[in-house]
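Here is a short briefing to read alongside the model. Please have the sequence and the 3D view open as you go.

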Amino acid sequence: MAQFEIIVGSVLGASEYVAEAIEQVLLEKHHQTKVHLSPELTEISLNTSWIICTSTHGAGDLPDNIQAFATAIATQDLSNTEFVVVGLGDSSYDTFCYGAEKIEQALLQQGAKQLHPSLHIDVLNHPIPEEVAVEWLNSWLTSGN
């Protein structure tokens, strides 16, 4: 059994649905979870595994609700933090999943360990992104992580 902090960056709610679907799978597998819809670094353990579900907003930016969190991690030692990223985006934009890429790079720069390659979901091809995220999560968990 593991502890997962599920950190959500969302504008229109799709990332929240993905986070809820991921949480349900983890709970069914007897893991502990906490979902952060308005993530604040002071409320999140640095010594656990993070699952970051975020969309991209505007010109490749992170959603407003996760901006302060992203700024806060830039000054932290995250060497005891493990993470995976689930990004949602629209491939018709040249900034497809830039928000997810930005947060992934910020985490790596601060020493966090990436547990599995990021998932980038194209909402044009997957109108129900939760299904893709659950399939990816089950595959990752089954692979021994």
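Is Ser49 buried or exposed? Ser49 counts as buried because its relative accessibility is 9%; buried means under 20% relative accessible area, exposed over 50% and partly exposed in between, with a 1.4 Å probe and protein chains only. This is a predicted model, in which local features need pLDDT of at least 70 and side-chain atom pairs count only at pLDDT 80 or more, while totals for chains, interfaces and linings use all residues. Residues are numbered from 1 along each chain as its sequence is written, and side-chain values use heavy atoms, with hydrogens and water left out.

**Around Ser49**
- Ser49 lies in strand β3 (residues 49-55); strands (E, at least two residues) and helices (H or I, at least four) are DSSP runs, numbered from the N terminus.
- Beyond neighbours within four places in sequence, Ser49 is in contact (heavy atoms within 4.5 Å) with Gln3, Phe4, Glu5, Glu82 and Leu115.

**β4 and its partners**
- In strand β4 (residues 82-89), seven of the eight residues are buried.
- β3 and β4 pair in the parallel sense over seven bridges, where pairing requires that DSSP finds at least two bridges between two strands; Thr54 has Gly87 in β4 as its bridge partner.
- β4 also runs parallel to strand β5 (residues 113-114), joined by two bridges, and Phe83 stands opposite Gln114 in β5.
- Four bridges link β4 with strand β6 (residues 119-122), again in parallel, and here Leu88 stands opposite Ile121.

**Crossovers**
- β3, helix α2 (residues 64-73) and β4 form a right-handed β-α-β unit: with the strands pointing away from the viewer, the path from the first strand over the helix to the second runs clockwise.
- From β4, the chain crosses through helix α3 (residues 98-109) to β5, and this β-α-β crossover is right-handed.

**Helix α1**
- Ser15, Val18, Ala19, Ala21, Ile22, Val25 and Leu26 are buried in α1.
- These residues cover an arc of only 165 degrees around the axis, so they sit on the same side of α1; the arc is that of the directions from the helix axis to the C-beta atoms.
- The cover over the buried residues of α1 includes β1 (3-9), β2 (32-36), β3, β4 and α4 (129-142).
- After α1 comes His30, with a positive phi near 70 degrees.
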